[in-house]
Amino acid sequence: MKYLVILLALLISGSLATYVRYESLDPCVWMEQDLSAANGLPLLVVQARIRAEFLLDGITEPAPNDCLMAWWDLRSEGLPDSE
């Protein structure tokens with residue numbers, strides 16, 4: 001029971017920290033905001049770029065799990081440097 005309470009506290013604090021940083025719990029929004037901040041591009045341009053990348057992969061309507069995997073890949077590769 002003690003471990004369940006600790007796990008629940010970790011999940012809540014992680015969700016809260018994510019919401020505070022991105023103001024959303026949608027992984028598609030996380031990816032848009034990270035790329036926009038890293039590249040210094042307007043959000044509309046970043047959204048079109050992400051949409052095009054999904055279309056090239058054959059995904060017409062990305063589900064949250066598609067966005068989560070793409071965001072995770074983006075974070076693991078490192079965000080592009082803004083030059």
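S36 touches L41, P42, L43 and V46, leaving aside neighbours within four places in sequence; contact means heavy atoms within 4.5 Å. This is a predicted model, where local features need pLDDT of at least 70, side-chain atom pairs count only at pLDDT 80 or more, and totals for chains, interfaces and linings use all residues. Residues are numbered from 1 along each chain as its sequence is written, and side-chain values use heavy atoms, with hydrogens and water left out.

**S36 in its place**
- S36 sits in helix α2, residues 27–39. Helices here are DSSP runs of H or I with at least four residues, numbered from the N terminus.
- Is S36 buried or exposed? S36 has a relative accessible area of 15%, so it is buried (under 20% relative accessible area; exposed is over 50%, partly exposed in between, with a 1.4 Å probe and protein chains only).
- The S36 side chain reaches the backbone oxygen of L41 at 2.8 Å.

**Helix α2**
- α2 has 13 residues and reaches 18 Å from its first C-alpha to its last. That is close to the expected 18 Å, which is 1.5 Å times one less than the number of residues.
- Buried residues of α2 pack against α1 (2–22), α3 (43–56) and α4 (64–77).
- D26 caps the N-terminal end of α2, with a side-chain oxygen 3.2 Å from the backbone nitrogen of C28.
- G40 follows α2 and has a positive phi, near 70 degrees.

**Nonpolar core**
- The largest nonpolar core has 11 residues, including Y22, W30, V46 and W71. Such a core is a set of buried Ala, Val, Leu, Ile, Met, Phe, Trp, Tyr and Cys residues joined through side-chain atoms within 4.5 Å.
- α2, α3 and α4 each supply at least two residues of this core. The largest share, four residues, comes from α2.

**Aromatic pairs**
- How many aromatic pairs does the structure hold? There are four. Rings of Phe, Tyr and Trp (its six-membered ring) pair if their centres lie within 6.5 Å; planes under 30 degrees apart count as stacked, over 60 as edge-to-face and the rest as tilted.
- The rings of W30 and W71 have centres 4.9 Å apart and planes at 65 degrees, so this pair is edge-to-face.
- W30 lies in helix α2 and W71 in helix α4, so the pair ties together parts 41 residues apart in sequence.
- W71 and W72 form a tilted pair, 6.4 Å centre to centre, with 55 degrees between the planes.
- W71 is buried at 12% relative accessibility, whereas W72 is exposed at 55%.

Terms used: Polar contact = N/O pair within 3.5 Å; in protein donor to acceptor, adjacent residues only side chain to side chain.
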